[in-house]
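Subject: Structure handover: chain contacts

Hello,

Here is the structure for you to take over.

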4 protein chains.
Amino acid sequence: MNTTRLEAFSDGVIAIIITIMVLELKVPRGADLAALKPLIPPFLGYVLSFLYVGIYWNNHHHLLHAATKVTGAILWANLNLLFWLSMFPVVTGWVGEHHGASVPTALYVVVLLLAALAYWALQRTIIAAQGPGSLLRRAVGVDIKGRISPALYALGVLLAFRTPALSQGLYLLVALLWLVPDRRIEQVLADEP
Amino acid sequence: MNTTRLEAFSDGVIAIIITIMVLELKVPRGADLAALKPLIPPFLGYVLSFLYVGIYWNNHHHLLHAATKVTGAILWANLNLLFWLSMFPVVTGWVGEHHGASVPTALYVVVLLLAALAYWALQRTIIAAQGPGSLLRRAVGVDIKGRISPALYALGVLLAFRTPALSQGLYLLVALLWLVPDRRIEQVLADEP
Amino acid sequence: MNTTRLEAFSDGVIAIIITIMVLELKVPRGADLAALKPLIPPFLGYVLSFLYVGIYWNNHHHLLHAATKVTGAILWANLNLLFWLSMFPVVTGWVGEHHGASVPTALYVVVLLLAALAYWALQRTIIAAQGPGSLLRRAVGVDIKGRISPALYALGVLLAFRTPALSQGLYLLVALLWLVPDRRIEQVLADEP
Amino acid sequence: MNTTRLEAFSDGVIAIIITIMVLELKVPRGADLAALKPLIPPFLGYVLSFLYVGIYWNNHHHLLHAATKVTGAILWANLNLLFWLSMFPVVTGWVGEHHGASVPTALYVVVLLLAALAYWALQRTIIAAQGPGSLLRRAVGVDIKGRISPALYALGVLLAFRTPALSQGLYLLVALLWLVPDRRIEQVLADEP
């Protein structure tokens, strides 16, 4: 089994997740500018989640590119990642309706955290399947971003109960950290003959 | 006609089914932890159905891999399977809203049963199209899991009217039975020169 | 430009249409068998529309297979077909809620008719793009089914205002007419060296 | 990284956007012809947006065809375009419910304008990635349509507050301008050995 169908299926699910989030933006009630005002928080939430899902799609792309074969374990690790990404629309909708509230903010960060852990687990699974001398292991290296992100998310969960705004700032920061696509993988792959 | 487009279309439909189920998880009403409580049963229902659809996608993948040509009969057997999978979101939503109730539990198992029969019919159709000496027939062999599952589902329908919890435990068991991807097919294909 | 991306995009749209229709099946209100009763007409409507969309997907597959190149005209003829197929969910939902009523039945048949004409126009456009000696033209031949279907649909619109049940029987008949995939195209393609 | 997965993902998102818009067409309340009347403005809005998304898909297809490699910048420029296209369903729904109102009309044009700018930015990014002697730069040439469209949209925003009908006429005009697929790119590509 090669990675093509796994990529195609993941693309399909991610494409639908990114588009389903837009359904949370309800058609405004009135026909004037004031009717748009309640849409601003959900809109900002949509922008942030779109960014996040875009980052995941982007890095997922590089990750699967580095996978040379697909095992049953990789398949389920991938489904696990897709599961947590599929939680984005509902938590985005909740934060959008109650911006600044502690519990929705905390739950949003928990989902971000679990998605990050699922991504990390998928990475581990691919490396394990490649055995010693894994191309991906060398490409990932020390993986500072991969280690620091879950720590920041965990901090974000705690902050959500004290100052939700700070927590939201924190996960915007992590998003910016990841915005740059993971060049390491591409580079090691390019060096390979 | 080769299997590529059939796979791509099935992937599309399954990707949408898996994501549509998440729409049943409505944005909570309040902004505190208590508001999350009514979401727990639908969430567990979503997890179980995600697992089931993931298992079907996984095995469907192996099955079509073994199909060497696509006939009209295979096409319709495949659409029949997709039809029953497309029933998952609505029955999952129903069980999620009335967990522990007999009729929703029974209907959920009936849909699982019909999907299992549709899968089995698709397998038969592919084997029939390959004629005697079918690769898939040898790969599938005695097919214990394929024979035992419908029987367990049928038992589950009956149990749903007596002790729904037991019925739900039963279909969790069948899910676990199938969680291991069908290595038989891959193995016979790998042995083939 | 080759047909691959056109096929992939059409597959995506059709996969979504077929799955969106299932959203019309709302989760029942109660938890007993009686709660399922109001779902029967929408369910039957869903089955019929699933069948229709499946038939279109099937024949569309054969049709694009016969297209050797993609022109701007083919692209728009294809989008026109997808547009009318995208009307299926809403008219299916309407007939499902008011089964036996004249206007919903008539509108359903009108959409079937326009989809059939769009399919026919797509076929014409592909033949025109292939110029004289078109493979598809020979494959299609006299095209009895293609000629008789619009006539039957037109009759169905009239019947909808007199005896809706007869009209519904008529479009079930046309569906059965088309259930057999279009072997003509495959055969001519197979004969070609 | 090649353009295949980028195309596939974009196709997925666009296919879903085009189909999600149909969800704004609610099943009518009654069962007679009068029940259809409130559906006419949303239906016309759907037709126009379907046309627009179809045009974007068509030209996007040509654009990515001309991209020889995919950089991180192209990836994000593409996601930016998809983001603005994903705004179509909600603004289409708003205009459909309040046709002739200034603010919804203006917002619709603003989204059209931002999508046009995102398309233009994607084009610039691909040209920049190809460096001097870019194939796409020669293909696009002076790009009269690309320059005139944003100007017309900006005019449309202003007009929306005076005579919304004129504004709507203007963006129908721009749609017609773009209906003809961008033959320039294909031609230059065809000339290339």
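The contact between chain A and chain B draws on 30 residues from chain A and 35 residues from chain B. Keep in mind that this is a predicted model. Together the two chains bury about 2800 Å². Carbon and sulfur atoms give 77% of that area.

Polar links across this interface come next. Between chain A and chain B there are 0 salt bridges. There are 5 residue pairs in polar contact, with both residues at pLDDT 80 or more.

Which elements of chain A give two or more residues to the side that touches chain B? They are α1 (3-20), α3 (72-85), α4 (88-97) and α5 (102-130) of chain A. The largest share comes from α1(A), with 9 residues. By class, this side of chain A holds 22 nonpolar, 5 polar and 3 charged residues.

Now one helix pair within that interface. Two packed helices are described by the angle between their axes and the distance between the axes. For α1(A) and helix α2 (residues 40-66) of chain B, the angle is about 145° and the axes are 12 Å apart. The crossing of α1(A) and α2(B) is right-handed. On α1(A), the residues making the contact are A:Arg5, A:Leu6 and A:Phe9. On α2(B), they are B:Trp57, B:His60 and B:His61. This helix contact has 3 nonpolar, 2 polar and 1 charged residues.

On to chain C and chain B. Here 36 residues of chain C are in contact with 30 residues of chain B. The buried area between chain C and chain B is about 2800 Å², with 77% of it on carbon and sulfur atoms. Which three residues supply more of the area that chain C buries against chain B than any other three? They are C:Val27, C:Phe50 and C:Trp57, which supply 22% of it.

The salt bridge count between chain C and chain B is 0. Polar contact joins 5 residue pairs across this interface, both residues at pLDDT 80 or more. On the side of chain C that touches chain B, the elements giving two or more residues are α1 (3-20) and α2 of chain C. The largest share of that side is from α2(C), at 12 residues. Sorted by class, the side of chain C that touches chain B has 22 nonpolar, 8 polar and 6 charged residues.

A helix pair can be picked out here too. Helix α1 (residues 3-20) of chain B and helix α2 (residues 40-66) of chain C have axes that come within 12 Å and cross at roughly 145°. Is the crossing of α1(B) and α2(C) left-handed or right-handed? It is right-handed. From α1(B), the contact takes B:Arg5, B:Leu6 and B:Phe9. From α2(C), it takes C:Trp57, C:His60 and C:His61. These residues divide into 3 nonpolar, 2 polar and 1 charged.

Last, the chain pairs without contact. Chain A and chain C do not touch, and their nearest C-alpha atoms are 9 Å apart. Chain B and chain D do not touch either, with nearest C-alpha atoms 9 Å apart.

Over to you.

Best wishes

Key
Residues are numbered from 1 along each chain as its sequence is written. Chains are lettered from A and ligands numbered from 1 in the order in which they are written. This is a predicted model: local features need pLDDT of at least 70, side-chain atom pairs count only at pLDDT 80 or more; totals for chains, interfaces and linings use all residues. Side-chain values use heavy atoms; hydrogens and water are left out. Contact means heavy atoms within 4.5 Å. Buried area is the accessible area (1.4 Å probe) that two parts lose on being put together, summed over both. A salt bridge is a side-chain nitrogen of Lys or Arg within 4 Å of a carboxyl oxygen of Asp or Glu. A polar contact is a pair of N or O atoms within 3.5 Å; within protein, one must be able to donate a hydrogen and the other to accept it, and residues adjacent in sequence count only if both atoms are side-chain atoms. Helices (H or I, at least four residues) and strands (E, at least two) are DSSP runs, numbered from the N terminus. Ala, Val, Leu, Ile, Met, Phe, Trp, Tyr, Cys and Pro count as nonpolar, Asp, Glu, Lys and Arg as charged, and the others, Gly among them, as polar. Axes are lines fitted to C-alpha atoms, for helices over the stretch in contact, and angles run from 0 to 180 degrees between N-to-C directions. A crossing is left-handed if the near helix is turned anticlockwise from the far one by less than a right angle, and right-handed if clockwise.
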